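Reader: Could you take me through the labels used for this model, and show me what each one rests on?

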Amino acid sequence: MLAMRRTGFVLLLVAAVAGCRRPAAPASAPVPLPSNWEHCWWTVMRSTLSVDSVGSSFRRAFVTLGQSNVHWTKNGDTVFVRAGPAPLLPSEVPWDTASYGATYWARIAAFPQNDSTRFRLYVSIVRPSHGWAQPSDSVHAFRPIGLCAEIGKVVAFRWIRRVGDPGDEEKLPVWSRVP
């Protein structure tokens, strides 16, 4: 009789615990990477810092600017840092971006060349389906140069733009790779 009571109590306890469990939250779908990236400056930039220092500086800057999803990848001597998505910085637009849902991504590619590091910074603005001017609207469309400048201020190291004709350096495949 005592064994039957214990068994009944255990079954009742299991049923109560199973009935009180919350349903599992649905897994969120991964956010796809943007397909359109705009480079921040017309040319490849150069720094006397090492490739790892350049990558670390941008990684810290992205986190400081509100990016919580920062990825660092190293392939041989080339460093890739990608961050996003995050809400667009309020200082970059004259209205509340939260109501419009605009987000931004940022990334760099950097590699050593001779005694310096060559790098490029790219951003991508993911515009919501309503409330923003189309990119073809040259008067009202958002331009990323302010966002690029904000990232540059936070990075806070000195870099130099390449002087003269960029030549084939601008066409290297490393710039189009998005890890």
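Author: Happy to; what follows goes from the ground rules to the disulfide, the salt bridges, the strands and the backbone.

Author: This is a predicted model, in which local features need pLDDT of at least 70, side-chain atom pairs count only at pLDDT 80 or more, and totals for chains, interfaces and linings use all residues. Residues are numbered from 1 along each chain as its sequence is written, and side-chain values use heavy atoms, with hydrogens and water left out.

Reader: What makes C40 and C148 a disulfide?

Author: The label is given to a pair of cysteine sulfur atoms within 2.5 Å. For C40 and C148 the S to S distance is 2.0 Å, so the pair meets the definition. A search of the whole structure finds one disulfide. In general, a disulfide is a covalent bond between the sulfur atoms of two cysteines.

Reader: Is the disulfide of C40 and C148 left-handed or right-handed, and what tells you?

Author: The torsion about the S-S bond of C40 and C148 is about -70°, so this disulfide is left-handed.

Reader: Which parts does the pair of C40 and C148 tie together?

Author: C40 sits in the loop between β1 (38-39) and β2 (45-47), while C148 belongs to helix α3, so the link ties together parts that are 108 residues apart in sequence. Helices here are DSSP runs of H or I with at least four residues, and strands are runs of E with at least two, numbered from the N terminus. Both C40 and C148 are buried, a word that means under 20% relative accessible area, with exposed over 50% and partly exposed in between (1.4 Å probe, protein chains only).

Reader: How do you know that the buried residues of α3 are on the same side?

Author: The buried residues of α3 are L147, C148, I151, G152 and V155. They cover an arc of only 140° around the axis, which puts them on the same side of α3; the arc is that of the directions from the helix axis to the C-beta atoms. What covers these buried residues of α3 includes α2 (51-64), β5 and β6.

Reader: Why is the pair of K74 and D52 called a salt bridge?

Author: The term asks for a side-chain nitrogen of Lys or Arg within 4 Å of a carboxyl oxygen of Asp or Glu. The closest N and O atoms of K74 and D52 are 2.9 Å apart, so the pair qualifies. K74 in strand β3 (residues 70-75) and D52 in helix α2 link distant parts of the chain, 22 residues apart. K74 has 42% relative accessibility and counts as partly exposed, and D52 is partly exposed at 33%.

Reader: How many salt bridges does the search find?

Author: The search of the whole structure finds two. K153 forms a salt bridge with E150, with the closest N and O atoms 3.8 Å apart. Both K153 and E150 lie in helix α3, three residues apart, about one turn of the helix. K153 counts as exposed at 59% relative accessibility, whereas E150, at 22%, counts as partly exposed.

Reader: Why is β5 described as largely enclosed?

Author: Eight of the eleven residues of β5 are buried, so the strand is largely enclosed by the rest of the structure.

Reader: What makes β4 and β5 a pair of strands?

Author: Two strands pair if DSSP finds at least two bridges between them. Seven bridges join β4 to β5, which run antiparallel, so they pair. V79 has A110 in β5 as its bridge partner. β5 and β6 are also antiparallel, over eleven bridges, and the partner of I108 in β6 is L121. These two strands, β5 and β6, form a hairpin with two residues between them.

Reader: Where is the cis peptide bond?

Author: The bond from G84 to P85 is cis, with omega near -5°. P85 lies in strand β4 (residues 78-87).

How values were computed: Contact means heavy atoms within 4.5 Å.
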